[in-house]
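My notes follow the order in which I looked things up.

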Amino acid sequence: MTLVPALAGPLTLPVVGSPLFICSGPELVGAQCRAGIIGAFPALNARPAALLSDWIQQIDEENASFAAADPDAYVGPFAVNQIVHRSNDRLEQDMAVIVEHQVPIVITSLGARTEINDAVHSYGGIVLHDVIDDEFARKAIDKGADGVIAVAAGAGGHAGTQSPFALVREIRSWFDGPLLLSGAISHGSSILAAQAAGADLAYVGSAFLATHEANAAPDYKQMIVDSTAKDIVYSNLFTGVHGNYLRGSIEAAGMDPDDLGVSDPSAMDFSSQAVDGPKAWRDIWGAGQGIGAIEERVSVAALVQSLRAQYDQARKDLCG
Ligand SMILES: Cc1cc2nc3c(=O)[nH]c(=O)nc-3n(C[C@H](O)[C@H](O)[C@H](O)COP(=O)(O)O)c2cc1C
């Protein structure tokens, strides 16, 4: 299928740098766009809420001056992520800012809503909704999302349990629109594999956590570099929803990663009041199983360049 213009680009790589709670801000997202991929950040990262408009303006302005200085360079578009959960008390306010700035791509998580899709469509934007199974994918498209992000097993942060092969095949059996694949994609060959499996774009999160531009503590970045898949723990204790976290950060918080309790999903809280409360994300660090491929802390430009080289090599190895 032909991708909608917002996603088609002449992208350096078929990649969206996925939204990362706390860790993605204008510096990371701007660098992703200027490296020629699609950047994304959660609206909730801009705190207080009034900062959201400034962040969007900053990314737009920095990208425009980069493009003016180098007219041949391709600058990717960016996306804002909305957590569509009843506890997100900023949702409407943030939607108004998104509409005002005509943000080209909106990524919705934890709830698909027709009125949000309609608001984004009113100015020609597109909505991608993240899902962990085929049933949720069908609901998202029924409610008017333009595309889906299949969040497979091994993804950083809130993650599903299904194999990427199973998930993409089930969705592709009825949907030929934009399909992104997420989960443990940290190497160029995995980006090519996502396309071979049937996805249009790879949705890459953890690999960007160790970049200079990510808003993550130095120890967090180093733990990403030093850890591998065996260091990832899947638990719902910290937010009420199952997700993948770094074993070392759980230990550092004084807990036993092999003996974590379970949580009640109703404990999930994205309200403004919850900002200073939960330790998830701030102290308990999210990461996906693909981090074994991350061997150093580099700039976004260097990471994208090496992913591109790996992608090209994998294509050459396959096709000769
Ligand atoms: C630290 C961290 C924070 C995340 N925060 C969000 C978020 O705020 N909103 C969201 O939709 N997804 C969030 N995710 C999920 C990612 O957008 C994406 O699905 C995931 O990182 C992809 O898997 P990978 O990390 O293995 O590449 C987060 C992931 C991580 C690792």
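I began with the crossing of α3 and α4, which is right-handed. This is a predicted model, so I read every value here as computed. Helix α3 covers residues 51–69 and helix α4 residues 91–101. I found that their axes come within 10 Å and cross at roughly 30 degrees. Angles under 35 degrees count as roughly parallel, so α3 and α4 are roughly parallel to each other.

Next I looked up which residues make this contact. From α3 I noted Leu52, Ser53 and Ile56; they meet Asp94, Val97 and His101 in α4. By type, the contact residues of α3 with α4 split into three nonpolar, two polar and one charged.

I then turned to α2, residues 26–34. Is this helix mostly covered or mostly uncovered? It is mostly covered, with eight of its nine residues buried. I listed the buried residues of α2: Pro26, Leu28, Val29, Gly30, Ala31, Gln32, Cys33 and Arg34. After α2 I noted Gly36, whose phi is positive, near 90 degrees.

Last, I checked the ligand. Which residues around the ligand come nearest? Of the 26 residues there, they are Ser18, Gly156, Gly157, Gly205 and Gly288. I also sorted the shell by type: 13 of its residues are nonpolar, twelve are polar and one is charged.

Definitions and conventions
Residues numbered from 1 in each chain as written. Predicted model: local features only at pLDDT ≥ 70, side-chain atom pairs only at ≥ 80, totals over all residues. Near = placed C-beta within 6 Å. Nonpolar A, V, L, I, M, F, W, Y, C, P; charged D, E, K, R; others polar. Axes fitted to C-alpha atoms, helices over the stretch in contact; angles between N-to-C directions. Helix = DSSP H or I, 4+ residues; strand = E, 2+ residues; numbered from the N terminus. Parallel < 35°, antiparallel > 145°, perpendicular 65-115°, else oblique. Left-handed = near helix turned anticlockwise from the far one by under 90°. Contact = placed C-beta atoms within 7 Å. Buried ≥ 20, exposed ≤ 12 C-beta atoms within 10 Å, placed from the backbone.
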